Amino acid sequence: MLKVGLTGGIASGKSVVGEMFVKLGAQLIRADNIAHELMQPGQAVYEEVVRRFGREILNPDGSINRARLASLAFGTPRDAALPRVEELNAIVHPAVVRHEDEWMAEVGRRDPAAIAIVEAALILEAGVADRFNRLIVVTCRPEQRVERLAARLGISEEDARAEAARRMAAQISDEEKVKAADFVIDDSGSLDATEEQVRRVFVTLRTEGSR
């Protein structure tokens with residue numbers, strides 16, 4: 001089985017690219033979905049996040065308001081001893097990584113020739129890239145990132161630009177990600193152009209996985 005990491009900056013097009021790989025036959029899991037499950041009431045990660053960040057991050061029904069949590073995590077003053085986003089990641093990432101590893105092991109048991117893709121924004125930042133046989137980085141133009149984020153969150157482009165800058169400050173730059181990548185998919189053009197790049201990468205991965 002081939003273990004593949006799929007990463008890129010916020011609103012780069014990771015999810016679109018991931019779905020394209022699934023249509024070609026790859027298996028896919030998203031770190032963001034795992035984190036969402038782990039932060040449901042009753043989960044150990046939920047309890048620890050609430051303990052550290054306070055009950056003000058909760059909705060009336062007890063669920064975590066992710067926008068409020070993100071505002072606290074990414075809004076840490078630069079002179080703080082430990083940026084709160086790092087504190088949050090230290091709680092969530094180990095549990096997410098364990099879940100991903102269990103999932104990849106299960107995929108491998110079911111299909112030794114499978115291509116198992118983990119889509120995650122912070123593969124390099126978390127220092128877990130060596131868990132994968134191959135790393136794919138998705139990129140796009142900075143102005144597209146802002147436009148996509150504005151559309152996704154239903155906010156103005158000015159607010160989206162500030163939000164993108166805030167989140168990217170906690171991530172490795174696209175240039176550094178590209179240097180670490182085995183494959184780079186440029187999602188700046190048409191969907192057809194992106195799909196063609198995905199198809200070429202998939203053929204290569206399929207060939208490697210069958211050796």
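Mentor: A residue is called buried if its relative accessible area is under 20%, exposed if over 50%, and partly exposed in between, using a 1.4 Å probe and protein chains only. The model is predicted, so local features need pLDDT of at least 70 and side-chain atom pairs count only at pLDDT 80 or more, while totals for chains, interfaces and linings use all residues. Residues are numbered from 1 along each chain as its sequence is written, and side-chain values use heavy atoms, with hydrogens and water left out.

The part to look at is α3, a helix that runs over residues 44–53. Helices (H or I, at least four residues) and strands (E, at least two) are DSSP runs, numbered from the N terminus. The buried residues in α3 are Val45, Tyr46, Val49, Val50 and Phe53. Viewed down the axis of α3, these buried residues fall within an arc of 130 degrees, so they line one face of the helix. (The arc is that of the directions from the helix axis to the C-beta atoms.) Ala44 and Arg51 lie on the other side of α3 and are exposed.

The cover over the buried residues of α3 includes α2 (31–38), α4 (66–74) and α5 (84–110). Contact here means heavy atoms within 4.5 Å.

Start with α2, where leucine 38 has its place. Leucine 38 counts as buried, at 14% relative accessibility. Leaving aside residues up to four places away in sequence, leucine 38 touches Gln43, Val45, Tyr46, Ala95 and Val96. Two of these, Val45 and Tyr46, are among the buried residues of α3 listed above. By contrast, phenylalanine 202 is 164 residues from leucine 38 in sequence and 30 Å away in space, C-alpha to C-alpha.

Now go to the end of α3. Phenylalanine 53 has the charged end of arginine 84 over its ring, 4.1 Å from the ring centre. A charge sits over a ring if NZ of Lys or CZ of Arg is within 6 Å of the ring centre and within 35 degrees of the ring normal. Just after α3 comes glycine 54, with a positive phi of about 95 degrees.

In α1 (residues 14–24), the buried residues are Lys14, Val17, Gly18, Met20 and Phe21. Their arc around the axis is only 160 degrees, which puts them on the same side of α1. They pack against β1 (2–8), β2 (27–30), β3 (115–119), β4 (134–139), β5 (183–186) and α9 (191–209). Glycine 25 follows α1, and its phi is positive, near 120 degrees.

Most residues other than glycine have a negative phi. Alanine 11, in the loop between β1 and α1, has a positive phi near 60 degrees. Alanine 11 is also buried, with a relative accessible area of 4%.

Last, the whole chain. It has 9 helices and 5 strands, in the order β-α-β-α-α-α-α-β-β-α-α-α-β-α along the sequence. Its radius of gyration, taken over C-alpha atoms, is 18 Å, close to the 17 Å of the globule rule for 211 residues, so the chain is as compact as a globular protein of that length. (The rule is 2.2 Å times the number of residues to the power 0.38.) Along the principal axes, the C-alpha trace spans about 50 × 40 × 30 Å. Of the 211 residues, 45% are buried. Among contacts with a separation of 6 or more, 70% join residues 24 or more positions apart.
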